[in-house]
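Please look over the structure below before reading on. The text then goes through it part by part.

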Protein chains: 2
Amino acid sequence: MNIGEAAERSGVSAKMIRYYESVELLKPAARRGNGYRDYGEADVSVLQFIRRTRDLGFSLEEVGALLALWRDKRPSREVKRLAEAHIEDLERRMKEMRAVVRTLRDLAQHCRGDERSDCPILDDLATPRSARRKPHQ
Amino acid sequence: MNIGEAAERSGVSAKMIRYYESVELLKPAARRGNGYRDYGEADVSVLQFIRRTRDLGFSLEEVGALLALWRDKRPSREVKRLAEAHIEDLERRMKEMRAVVRTLRDLAQHCRGDERSDCPILDDLATPRSARRKPHQ
DNA sequence: CCTGCACCTTCCCATAATGGGAAGGTCAAC
DNA sequence: GTTGACCTTCCCATTATGGGAAGGTGCAGG
């Protein structure tokens, strides 16, 4: 099948399929007489694999590693370790985001949100509250 | 003061200070006889403002908007709205990440994580469980 | 047979924010 | 006067993706 159909069936854009090939995440596709790339069912599976791991937030480098594990039938320990490392990474980032949300809520709480211009959010941003002493000297 | 000191005092690298100037987030710095940029206390405050808003995850474009609100003494309503929109954005992203974590945990649970190569994670990635019917035909 | 349209090819450019590094000017201390 | 720590500008790389140009291909309808 042509790249367009492979793209539609896998959910990976044709542009990205070519890109993945160029960075050697995929082996060079078979070519037909006219130079068009030619894909089969197995290729669509690989593309779906890539799409799904990308959706789960793995970087292309990590996707490459997972793909290698898949192809080489390596011990499942490695796969599980990668998945768990990724979970930990996500949890660490969520923790940071929660802290940011707390800070923003805190700042927003002290801002009237009306027509007047005095909003402590902005002054706090230039000089964090914790670092300020005797604001009016 | 030179750019190096302004960088150290604000926590924004010299490289980034020049970049912010180049994209017009900052007004062109004053120059001394030798061509060196020259900064004062007010500039350091602005840089700290930028650093802090960046730390809170605002894009440079949003930082520019907040900076304009700060400088122009605009109604605090606008500031509060920006902060709240950002909170909602963070919460939406955290929700997505939580869903991904759930999926990964689910996948990892069915993987023995030992020396053997059969790990359903990888097969699920190529053909999501929900889309699979009668695996062995 | 020609035309149009949809598809394919490669190549270049842009994005967001940051860092690395080269080539060259400046300043201060010794 | 040399050394070393600054500063300047300019170019390049990163990550993953899309946009678009210029040109070839394939098929359907007139």
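The model is predicted. Chain A contains 6 helices and 2 strands. Read from the N terminus, its elements come in the order α-α-β-β-α-α-α-α. The radius of gyration of chain A is 25 Å, while the globule rule gives 14 Å for 137 residues, so chain A is more spread out than a compact globule. Along the principal axes, the C-alpha atoms of chain A fill a box of roughly 80 × 40 × 20 Å. Of the 137 residues in chain A, 26% count as buried. Among the contacts in chain A with a separation of 6 or more, 40% are between residues 24 or more positions apart.

The helix α1 of chain A covers residues 3-10, and its buried residues are A:Ile3, A:Ala6, A:Ala7 and A:Ser10. Viewed down the axis of α1(A), these buried residues fall within an arc of 100°, so they line one face of the helix. An α-helix has 3.6 residues a turn, so residues three or four places apart point the same way. After α1(A) comes A:Gly11, which has a positive phi near 85°.

In α1(B), the buried residues are B:Ile3, B:Ala6, B:Ala7 and B:Ser10. They cover an arc of only 100° around the axis, which puts them on the same side of α1(B). The cover over these buried residues of α1(B) includes α2, β2 (37-38) and α3 of chain B. Just after α1(B), B:Gly11 has a positive phi of about 85°.

The contact between the chains takes 48 residues from chain B and 48 residues from chain A. On the side of chain B that touches chain A, at least two residues each come from α3 (41-55), α4 (60-72), α5 (76-109) and α6 (120-126) of chain B. The helix α5(B) gives the most to this side, with 20 residues. By class, the residues of the side of chain B that touches chain A are 24 nonpolar, 10 polar and 14 charged. Of the interface residues of chain B, 100% are also interface residues in chain A, so the copies meet through the same surface.

One residue of chain B shows this contact in detail. B:Val79 lies in helix α5 of chain B. Is B:Val79 buried or exposed? It has 25 C-beta neighbours inside 10 Å, and a residue is buried if 20 or more lie within that distance, so B:Val79 counts as buried. Leaving aside residues up to four places away in sequence, B:Val79 touches A:Cys111, A:Cys119, A:Ile121 and A:Leu122 of chain A, and B:Leu66 and B:Leu69 of chain B.

Which residues are closest to DNA strand C? Of the 17 residues that surround DNA strand C, the closest are A:Asn2, A:Gly4, B:Asn34, B:Ser59 and B:Leu60. Two or more residues of the surface near DNA strand C come from each of α1 and α2 of chain A and α2 (14-22) of chain B. The largest share of that surface, 3 residues, is from α2(B). The surface near DNA strand C has 6 nonpolar, 7 polar and 4 charged residues.

Around DNA strand D there are 17 residues, of which A:Asn34, A:Ser59, B:Asn2, B:Gly4 and B:Arg37 come nearest. At least two residues each of the surface near DNA strand D are supplied by α2 of chain A and by α1 (3-10) and α2 of chain B. Here α2(A) gives the most, with 3 residues. The surface near DNA strand D divides into 6 nonpolar, 7 polar and 4 charged residues.

How values were computed:
Residues numbered from 1 in each chain as written. Chains lettered and ligands numbered in written order. Predicted model: local features only at pLDDT ≥ 70, side-chain atom pairs only at ≥ 80, totals over all residues. Buried ≥ 20, exposed ≤ 12 C-beta atoms within 10 Å, placed from the backbone. Helix = DSSP H or I, 4+ residues; strand = E, 2+ residues; numbered from the N terminus. Arc of directions from axis to C-beta. Contact = placed C-beta atoms within 7 Å. Nonpolar A, V, L, I, M, F, W, Y, C, P; charged D, E, K, R; others polar. Near = placed C-beta within 6 Å. Rg over C-alpha atoms; globule rule 2.2 N^0.38 Å.
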